[in-house]
2 protein chains.
Amino acid sequence: MKLATYRDGSRDGQLVVVSRDLAQAHYATGIATRLQQVLDDWNFIAPQLQELSQTLNHGKARHAFSFDPKQCMAPLPRAHAYLLGAAYAREGGAATLGQAASDGLLGPCEAARFASESLGIDFGAGLAVLTGDVAMGSTAEAALESVRLLLLSNDWALRSLPPGHVQPCAAFAPVAVTLDEAGEAWQRGRLHLGLQTMWNGRKVGLCEAGPEMGVHFGELIAQAAKTRKVQAGSIIGSGTVCNQDGSKGYGSIADKRALEALESGEPKTEFMQFGDSLRVEVKGRDGLSLFGAIDQDVASWHEAAAAREEAQP
Amino acid sequence: MKLATYRDGSRDGQLVVVSRDLAQAHYATGIATRLQQVLDDWNFIAPQLQELSQTLNHGKARHAFSFDPKQCMAPLPRAHAYLLGAAYAREGGAATLGQAASDGLLGPCEAARFASESLGIDFGAGLAVLTGDVAMGSTAEAALESVRLLLLSNDWALRSLPPGHVQPCAAFAPVAVTLDEAGEAWQRGRLHLGLQTMWNGRKVGLCEAGPEMGVHFGELIAQAAKTRKVQAGSIIGSGTVCNQDGSKGYGSIADKRALEALESGEPKTEFMQFGDSLRVEVKGRDGLSLFGAIDQDVASWHEAAAAREEAQP
């Protein structure tokens, strides 16, 4: 099934079930209002949502409406943990994790606002999973069993931010999907599909997420569980998906610049500017968009703040 | 007012109002069930809790019961953000922040369980604040206005943990308090009281939190807000409270070891062992415990896991 969170003026939004083709949606009212609730009590709530999902996919849901990604917040707009790996590091991927901000995750079509272009604004197309509870010390195999939903992320990064500053929040594609939605493309902790990244309308990357994921999601979760219990609703991210083969393009400007530095001694591609746009999408083996698209504009938060002030009486 | 979260089998617990002397408590039922709700909608909910608090303090609350810190979870058991500063760094304190785990914060009397004694188990007695919403780019003064509640923390750290591992969750004293509870001791972003730390029943520190806090809480919050909006319910921690004057003792073993290394060329104090206990408390100017005490035992999670397995049929 596919789940999304509709904007309703609240901080957590309203849970909706979305049809496989992303055409129709239905509020999950009566089952659950927020995605965190579902993750807290997955075994009880998920089957009820699955039933609604089937009814919706068969075109038989009574109060279905047209799905509009622009109304979406991140599937889990504020999570209690977002641990970000580096599973595609050029050294083969390491089971290391960093803590990323999780308290104000951006919806797929929300503008990404930054203080200054001089901070080195960069995108980062990645995959992530939402977990159930994972006991401290779990094996990678057991950890893999805890994967509840797959996500597509754009991990915004300010590459020139001095240490001791908190990186901005990531954005997420409109829908979170259960593993069965990926079909054969999900194989033991890896998603064997390509992430298509477009920068200002130009395709800059179609990186394969499967073969070069040095450590799979079960291993990343187990790494997180080495020193602590991983709580239900934790987001574990792969880090930017990238491939050894430069012809596949890139998933972040930092990766592109690293390649350029290797090839010609210095990085050439500049970071993003206000007014730029970024689109990330994953097509399933059926050719349909698996998660819906992340489609964001980069903007100055100063302008937004000034507009808000002007609007005040 | 003083607020705590009682264990009720749920992940977020049940909000209770606690009397100033920590003797009595009262469920906040009918006003709010979880502390995050209160922080999400502070201006509407806090006055109602304040009213209940007054009734309780006057001994007139109908369903009051004896307050038992052992029934407490952390005031906010799972937060969306915990940003940890280093406000007492020996270099005078820097406005730098790191992200700490916030998804499974420990109650005041919960055992702290770790995988191995070889990880360098260390405590860290610190202060923290719970904020309301803070706009990106806020000044330190504006940020200070967003402080809703004060907390007392024990920031567990594994000093030998290799990079790329996530540090364990901190523990918090039973009650979160509004600024007025600290009276004159709260002065422009600093709490002028001592943190008393006892290790295995022996007093090892009574560090003054006020004068040597290099950057105050408003500055720490403003630092967090430099690159992003700070969301309601964010915890901003001071980092371990320590003083230049070694005679005040220490708030973490790492600090003690650093002093020893300076004085004699090598650290002498060993890190904690399973079976050790740790108690942190702050007395107000009235001599009463301001937050209640953190009172934890250090234990092996292996033993706990083995006991759970044995208990299974």
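Which residue's side chain meets that of A:R11 in a salt bridge? The partner is B:D40, at 3.4 Å from N to O. A salt bridge here is a side-chain nitrogen of Lys or Arg within 4 Å of a carboxyl oxygen of Asp or Glu.

## Basis of the model

This is a predicted model, in which local features need pLDDT of at least 70 and side-chain atom pairs count only at pLDDT 80 or more, while totals for chains, interfaces and linings use all residues. Residues are numbered from 1 along each chain as its sequence is written, chains are lettered from A and ligands numbered from 1 in the order in which they are written, and side-chain values use heavy atoms, with hydrogens and water left out.

## Contact between chains A and B

Chain A and chain B each bring 39 residues to the contact (heavy atoms within 4.5 Å). Eight salt bridges are counted between the two chains.

On the side of chain B that touches chain A, helix 1 (35-40) and strand 6 (94-100) each supply at least two residues (helices are DSSP runs of H or I, at least four residues, and strands runs of E, at least two, numbered from the N terminus). Strand 6 of chain B gives the most, with five residues.

## Strand 18 of chain B

Strand 18 (residues 235-240) of chain B is largely enclosed by the rest of the structure, because six of its six residues are buried (under 20% relative accessible area, 1.4 Å probe, protein chains only).

Strand 5 (residues 82-86) of chain B runs parallel to strand 18 of chain B and is joined to it by three bridges; pairing requires that DSSP find at least two. In this pair, B:L84 stands opposite B:G237. Strand 9 (residues 125-131) of chain B runs antiparallel to strand 18 of chain B, with four bridges, and B:G126 stands opposite B:T240.

Key
Buried < 20%, exposed > 50% of the residue type's maximum accessible area, 1.4 Å probe, protein only.
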